[in-house]
Amino acid sequence: MALSFAFAIIFVVAIGICGWKLLNWLWLKPKKMEKLLRQQGFSGNSYKLFHGDTKEIIRMRKEAITSRPPILSHNIMQRIRLFEYHIISNYGKNSFIWKGSTPRINITDPSLIKEILYNHEIFQKPHTNPLLKLHANGLAMYEGDQWFKVRKIANPAFHMQKLKDMFSEIYTSCKDIIEKWRILVSKEKETCELDVWPDIQALTADVISRTAFGSNFEEGKQIFELIREQGHLMDQVMQYVYIPGWRFLPTPMNRKLKGNYEKMRQLVRGIINKREEAMRVGNVDLLSFLMESNYKQIQENEAGMSMEEVIEECRLFYSAGHRTTASLLVWTMVLLSVHPHWQERARQEVSQVFGNKEPKFDDLNKLKVVTQILYEVLRLYPPAAVLSRTNVKETKLGKIVLPAGVMLSVPVILVHRDPEYWGDDAMEFNPNRFSEGVSKATKNNQVAFFPFSSGPRICIGQNFAMMEAKLALAMILQNFSFQLSPTYVHAPVETFLLYPQYGAHLILHNT
C-alpha cells in the first residue's frame, strides 16, 4: 500500500513538473520576454498562445506568391516577406514577430549587425528545428570547436591557387551551355526565346559536380534532384512551429525527408570511396583538396574530420555550391535585359579584356564593370534574404539587453535597400555605386552590404561563386545579347534562396 502511494506521489510530481515546463514554454517565458522587449523600445503584435504570428505568416506568404505580380520593380520585400514588411511598416525598424513562442527581433543598424556577425560564439545559428539538418548541415550549421576544426581544414581548398586549378573545369561547363544556346539561336535564325533559368541551374550544378567531385552533372543528377525535392519539403516544414519530438513520429513528411537524406548520404559516400582510390593519381577538385587537408591535419596529431563530417561537407558542397551562383546569374541576366546600356558597357569591357579569345583566370580581376554589376545584383537580389541568429546566453547588444534564446533577424534584403545607407536611389539598379569598391558604396561608408554574410562565418565559397559568375557572364556576353521576352513575369520567390517563380524568359541574339 505504502509503495503504491509513493508511486502515486512520484507520478503526480512528474506530471506537475511537466505541466510547469509546458506552461513556462507556452506562456510565462514568452510573455516575460515580450515585456522586456517592449520596455526597450521594440514593438510588435501581442503574443498568441503557441503559434504566435505563424498563422498570419503562412496566410500572407500564400497571398503574396499567388497574387498577380506587380510590374517590374525591385521593391520585392512585400512579395517574398510580406508579413515582415507589414510588421515593419506598422511598427518601424525596431520591431519583432513571433515564430511560435519565440520572439524574433529585427536588427537593421549596421553597427549592431556587425556586432552580431563578428561575435559568432554568442550569436549562433538557430537550431529551432532539428529536421533542418536533413537538408543542410556541415560547416553552415556547426558551432564551437566543431565549426573551428572543419573551417580550418576546409579553408585551404578555397585558396586562390586552388580556385585557379579548378578554372578549366568551370570553363568547360560554361562552354557547354554556350554551345547549346548557340545551336538554339542558329536554328531560330539568329534569335531565340527561351527560359534560361533551367539551363543556368544545370550549368551551376555541372560546375559544382566537376569542381567538387571530378564528375559532371549527369553523374550527380540524382543527388541534385534529391536536393531540390528536399528543399521544397523543408520549405513547407519550416513554415510551421516545431513541436519537440515531432521528428521522431513516422509521418509521411518525416519519412520522405529521412529517406531522401539517407539516399544522398549513400550516393555521397560512394563518391568519397571512389575519390580515396583516385587520390593516388592526383585530382584537382574540392573533395580531393578537403581530404588532403584533413590527412595533413591528422598527421600533425590534430583532430581531423570524421567520415560523417566529410559526408556532410560534401552534401553542403552540392546543395549550397550551385544555388547561390545560379541565383546571382539569373538575376544578372534579367537586370541586364532591363538595362541594356549596362549590358553593352559590360560587353565592351569583356571585349577589351578577352577579345574573342578564351578567358584566362588571371584576367578576371580586370573586369571592373562586370564586378560592379554583380555586386549591385547581389545588393538587390541577395541569395539569402534574411540571416538568423540566436544568443545562447543573456547579453547586451548595443544598448539592448537580450535574455538568452531571443532570435535575431538581420533582414539583408531590407538593409540593402535602405535609403538611409544607400541614398535616394536605393531601389534603383545603379552599379556605379560600387565604382570605388564595396567599402565606399554606402553613405558615410557604413557597412551595409553582406550578401555572403560577414565576420568569421562569412561564406567560405564566396570567392568561388564570384569567379564562376564572372567567367559565366563574360562568356555569355562574348556570344549573345539578350532582352526580356514579352512573356517574362517578374515574380521573385524565396525557398532558401531567391529565384524567379515563373522562370526567366529571355530573347537571345548572336553578337
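This is a predicted model: local features need pLDDT of at least 70, side-chain atom pairs count only at pLDDT 80 or more; totals for chains, interfaces and linings use all residues.

**Entry 1: helix α13 against α17**

At what angle do the axes of helix α13 and α17 cross, and within what distance do they come? I found that the axes of α13 (residues 340–354) and α17 come within 9 Å and cross at roughly 95 degrees. That angle makes α13 roughly perpendicular to α17, since 65 to 115 degrees is the range for that label. I then listed who takes part: α13 brings Gln343, Ala346, Arg347, Val350 and Phe354, while α17 brings Ala474, Leu477 and Gln478. Sorted by class, the residues of this contact between α13 and α17 are five nonpolar, two polar and one charged.

**Entry 2: α17 again, now with α8**

I stayed with α17 (residues 462–479) and looked at its packing with helix α8 (residues 196–213). Here the angle is about 125 degrees and the axes are 12 Å apart. The crossing of α8 and α17 is right-handed. On the α8 side I wrote down Leu203, Thr204, Val207, Ile208 and Thr211, and on the α17 side Phe464, Glu468 and Ala472. The class count for the contact of α8 with α17 is five nonpolar, two polar and one charged.

**Entry 3: α2 and α4**

Next I turned to α2 and helix α4 (residues 82–91), whose axes come within 8 Å and cross at roughly 110 degrees. I therefore filed α2 and α4 as roughly perpendicular to each other. From α2, the residues Glu56, Ile57, Met60, Glu63 and Ala64 meet Leu82, Phe83 and His86 of α4. In the contact of α2 with α4 I have five nonpolar, one polar and two charged residues.

**Entry 4: Ile76 and its contacts**

Which residues does Ile76 touch, leaving aside those up to four places away in sequence? I got Leu380, Tyr381, Ile413, Arg417, His490, Pro492 and Leu498. Ile76 itself is in the loop between α2 (54–66) and α3 (77–80). With a relative accessibility of 3%, Ile76 counts as buried. I also checked Val493, which is 417 residues from Ile76 along the chain: the two C-alpha atoms are separated by 9.0 Å.

**Entry 5: Leu132**

I found Leu132 in the loop between β3 (123–124) and α6 (144–154). Its relative accessibility is 13%, so I marked Leu132 as buried. Leaving out residues up to four places away in sequence, Leu132 touches Met141, Met234, Met238 and Phe496. For Val377, 245 residues from Leu132 along the chain, the C-alpha separation is 28 Å.

**Entry 6: Arg265**

Is Arg265 buried or exposed? Arg265 is buried, as its relative accessible area is 12% and the cut-off for buried is under 20%. Arg265 sits in helix α10 (residues 252–278). Not counting residues up to four places away in sequence, Arg265 touches Glu308, Ile311 and Glu312.

**Entry 7: two positive phi angles**

I looked at Phe50, which is not a glycine and yet has a positive phi of about 70 degrees. Phe50 is placed in the loop between α1 (2–39) and α2, and at 30% relative accessibility it counts as partly exposed. Ser453 also has a positive phi of about 70 degrees without being a glycine. Ser453 belongs to the loop between α16 (419–422) and α17. In contrast to a partly exposed Phe50, Ser453 is buried, with a relative accessible area of 12%.

**Entry 8: cysteines**

How many disulfides does the count come to? I got zero, with a pair needing sulfur atoms within 2.5 Å. The sulfur of Cys192 has its closest cysteine sulfur in Cys174, 19 Å away, which is too far for a bond. Cys192 counts as buried at 8% relative accessibility. Cys459 is in no disulfide either, as the nearest cysteine sulfur, in Cys314, is 16 Å away. At 34% relative accessibility, I put Cys459 down as partly exposed.

Note on methods: Residues are numbered from 1 along each chain as its sequence is written. Side-chain values use heavy atoms; hydrogens and water are left out. Axes are lines fitted to C-alpha atoms, for helices over the stretch in contact, and angles run from 0 to 180 degrees between N-to-C directions. Helices (H or I, at least four residues) and strands (E, at least two) are DSSP runs, numbered from the N terminus. A crossing is left-handed if the near helix is turned anticlockwise from the far one by less than a right angle, and right-handed if clockwise. Contact means heavy atoms within 4.5 Å. Ala, Val, Leu, Ile, Met, Phe, Trp, Tyr, Cys and Pro count as nonpolar, Asp, Glu, Lys and Arg as charged, and the others, Gly among them, as polar. Buried means under 20% relative accessible area, exposed over 50%, partly exposed in between (1.4 Å probe, protein chains only). Angles under 35 degrees count as roughly parallel, over 145 as roughly antiparallel, 65 to 115 as roughly perpendicular and the rest as oblique.
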